[in-house]
Amino acid sequence: MAIGRWKSICINVTDLDQGLDFWSEVLGWEPTGRWHGWLGYLRDPDSSNFMILNDVTKAPVNLNPPTHNEANRVHIDIWPIDGMDNAVQAIVALGGRVKKSPSLYPRPGSYGDEAPRIDWTVMQDPFGNEFCIVEMLTPDQSAAAMSAGMADDHALRVAVGKANG
């Protein structure tokens, strides 16, 4: 039996307006309000879930802003609507950064004969908060990756049809 149900995630930012604009564009969620000048809310239009943005520079308690060199202890995964490469380009255009370039996981040969299952990348929002973009591979794409062998990340992604040659 569950103790609770997931309802929201809170992301620390250092500029509430920029954070609301960035995450609204990435997720397609509408800002739904602000509270005391340091909390902002985005609501998923398809559910009752929401995201809270916490401006750590204005919060009444001492919260340390994230740095670009620290890994987050918690992050969200996003499934792209129009492919990994298009999502990465759009997020970078909004002020995000690529922390780990797109690659298949697991890499062919890294875990014996286990075939890759996902194409994924690690991104950062304008405040250094990390999130992943993840796409599942079809069985045919996994087999194509295994046939490609120990190629570099880009060549593997081309072999499975996830990147242009």
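Helices (H or I, at least four residues) and strands (E, at least two) are taken here as DSSP runs, numbered from the N terminus. On that basis, the protein chain of this predicted model contains four helices and eight strands. In sequence order these elements give the pattern β-α-β-β-β-β-α-β-β-β-α-α.

**Overall form and surface**

- The C-alpha trace of the protein chain extends over about 55 × 40 × 25 Å along its principal axes.
- The chain has 165 residues, and 40% of them count as buried.
- Among contacts in the chain with a separation of 6 or more, 55% are made by residues 24 or more positions apart.
- The accessible surface of the chain amounts to about 9700 Å², and carbon and sulfur atoms account for 52% of this area.

**Nonpolar core**

- In soluble globular proteins, nonpolar side chains tend to be buried together.
- In this model, the largest nonpolar core comprises 22 residues, and those with the most contacts inside it are Trp 23, Met 51, Leu 53, Phe 131 and Ile 133.
- At least two residues of this core come from each of strand S1 (8-13), helix H1 (16-27), strand S4 (50-55), strand S5 (76-78), helix H2 (84-93) and strand S8.
- Helix H1 provides the largest share of the core, with five residues.
- Leaving aside residues up to four places away in sequence, Trp 23 is in contact with Ile 11, Gly 28, Leu 42, Met 51, Leu 53, Ile 76, Ile 78, Asp 125 and Phe 131.

**Val 26 in helix H1**

- Val 26 belongs to helix H1.
- Val 26 counts as buried because its relative accessible area is 18%, and the cut-off for that class is under 20%.
- With residues up to four places away in sequence excluded, Val 26 touches Ile 78, Ile 91 and Leu 94.
- The C-alpha atoms of Val 26 and Ala 90 are separated by 8.1 Å, although the two residues stand 64 residues apart along the chain.

**Salt bridges**

- Side chains of opposite charge can pair when their charged atoms come close.
- Seven salt bridges are present in the structure.
- One of them joins the side chains of Arg 107 and Asp 153, with an N to O distance of 2.4 Å.
- This pair connects distant parts of the chain, 46 residues apart: Arg 107 lies in the loop between strand S6 (97-105) and strand S7 (118-124), and Asp 153 lies in helix H4 (residues 153-159).
- Arg 107 is partly exposed at a relative accessible area of 27%, and Asp 153 is partly exposed at 30%.
- Another salt bridge is formed by Glu 135 and Lys 162, whose closest N and O atoms are 3.3 Å apart.
- The Glu 135 and Lys 162 pair also links distant parts of the chain, 27 residues apart, with Glu 135 in strand S8 (residues 130-136) and Lys 162 in the segment after H4.
- Glu 135 is buried, with a relative accessible area of 15%, and Lys 162 is likewise buried, at 17% relative accessibility.
- Arg 117 and Glu 114 form a salt bridge in which the closest N and O atoms are 3.1 Å apart.
- Glu 114 is classed as partly exposed, with a relative accessibility of 27%.
- A network of salt bridges links Asp 85, Asp 119 and Arg 157.

**Backbone features**

- The peptide bond between Tyr 105 and Pro 106 is cis, with omega about -10°.
- His 36 has a positive phi, near 55°, and is a residue other than glycine.
- His 36 is placed in the loop between strand S2 (30-35) and strand S3 (39-43).
- With 60% relative accessibility, His 36 counts as exposed, the cut-off for that class being over 50%.

Technical notes: Residues are numbered from 1 along each chain as its sequence is written. This is a predicted model: local features need pLDDT of at least 70, side-chain atom pairs count only at pLDDT 80 or more; totals for chains, interfaces and linings use all residues. Side-chain values use heavy atoms; hydrogens and water are left out. A salt bridge is a side-chain nitrogen of Lys or Arg within 4 Å of a carboxyl oxygen of Asp or Glu. Buried means under 20% relative accessible area, exposed over 50%, partly exposed in between (1.4 Å probe, protein chains only). Contact means heavy atoms within 4.5 Å. Accessible areas come from the Shrake-Rupley method with a 1.4 Å probe; for residues, only the protein chains shown count as cover. A nonpolar core is a set of buried Ala, Val, Leu, Ile, Met, Phe, Trp, Tyr and Cys residues joined through side-chain atoms within 4.5 Å.
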